[in-house]
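Trainee: I am new to this one. Could you put it on screen and take my questions?

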Amino acid sequence: MSSSNELRIKLLSYDPDLLDKSVRKIIEISKDNNCELKGPIPLPTKCEKFTICRSVHVNKPSMEQFEIRTHKRLIILLNTNAKVIDAIKRLSIPTSVQIQLKI
């Protein structure tokens with residue numbers, strides 16, 4: 001791979017603390033391999049709301065609401081090489097954090 005490659009890493013998680021820990025690991029890898037770093041850029045949080053009836057028959061107006069917040073971060077690495085990409089692929093992150101790589 002040439003040294004002018006750009007690698008975009010998008011991280012998604014319901015837990016912002018685990019997301020930030022994973023971002024710190026990626027930043028350490030990029031600093032160890034002398035890559036230019038842009039980010040982490042916080043992207044808008046997606047908020048999904050669900051309303052469920054508590055009781056179907058007698059207390060029908062009684063409802064309960066739940067929400068799920070999906071936190072997102074974007075990291076852009078410039079001047080990457082195969083060593084950096086392999087290190088990021090081998091990175092152990094929690095199962096609740098989803099990572100998407102785009103070259």
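Trainee: What percentage of the 103 residues in the protein chain is buried?

Mentor: First, this is a predicted model, where local features need pLDDT of at least 70, side-chain atom pairs count only at pLDDT 80 or more, and totals for chains, interfaces and linings use all residues. Residues are numbered from 1 along each chain as its sequence is written, and side-chain values use heavy atoms, with hydrogens and water left out. Buried means under 20% relative accessible area, exposed over 50%, partly exposed in between (1.4 Å probe, protein chains only). Of the 103 residues, the buried share is 30%.

Trainee: What pattern does the protein chain follow along the sequence?

Mentor: Helices (H or I, at least four residues) and strands (E, at least two) are DSSP runs, numbered from the N terminus. The protein chain has two helices and four strands. Read along the sequence, they give β-α-β-β-α-β.

Trainee: Is the protein chain a compact globule or more spread out?

Mentor: Take the radius of gyration over C-alpha atoms; the globule rule is 2.2 Å times the number of residues to the power 0.38. For 103 residues the rule gives 13 Å, and the radius here is 19 Å, well over that. The C-alpha trace spans about 65 × 20 × 20 Å along its principal axes. So the protein chain, compared with a compact globule, is more spread out.

Trainee: Which element has the highest mean pLDDT?

Mentor: pLDDT is the predictor's confidence in each residue, from 0 to 100. The protein chain averages 87, and 96% of the residues score at least 70. Helix H2 (residues 82–89) has the lowest mean among the elements, 86. The highest, 92, belongs to strand E3 (residues 63–80).

Trainee: Is Ser-30 buried or exposed?

Mentor: Ser-30 lies in helix H1 (residues 16–32). Contact means heavy atoms within 4.5 Å. Not counting residues up to four places away in sequence, Ser-30 touches Cys-35, Leu-37 and Leu-77. Its relative accessible area is 0%, so Ser-30 is buried.

Trainee: How does Asp-86 count at 38% relative accessibility?

Mentor: Asp-86 has its place in helix H2. Because its relative accessibility is 38%, Asp-86 counts as partly exposed.

Trainee: How many Å apart in space are Asp-86 and Phe-50?

Mentor: In sequence, Asp-86 and Phe-50 are 36 residues apart. In space, C-alpha to C-alpha, the distance is 39 Å.
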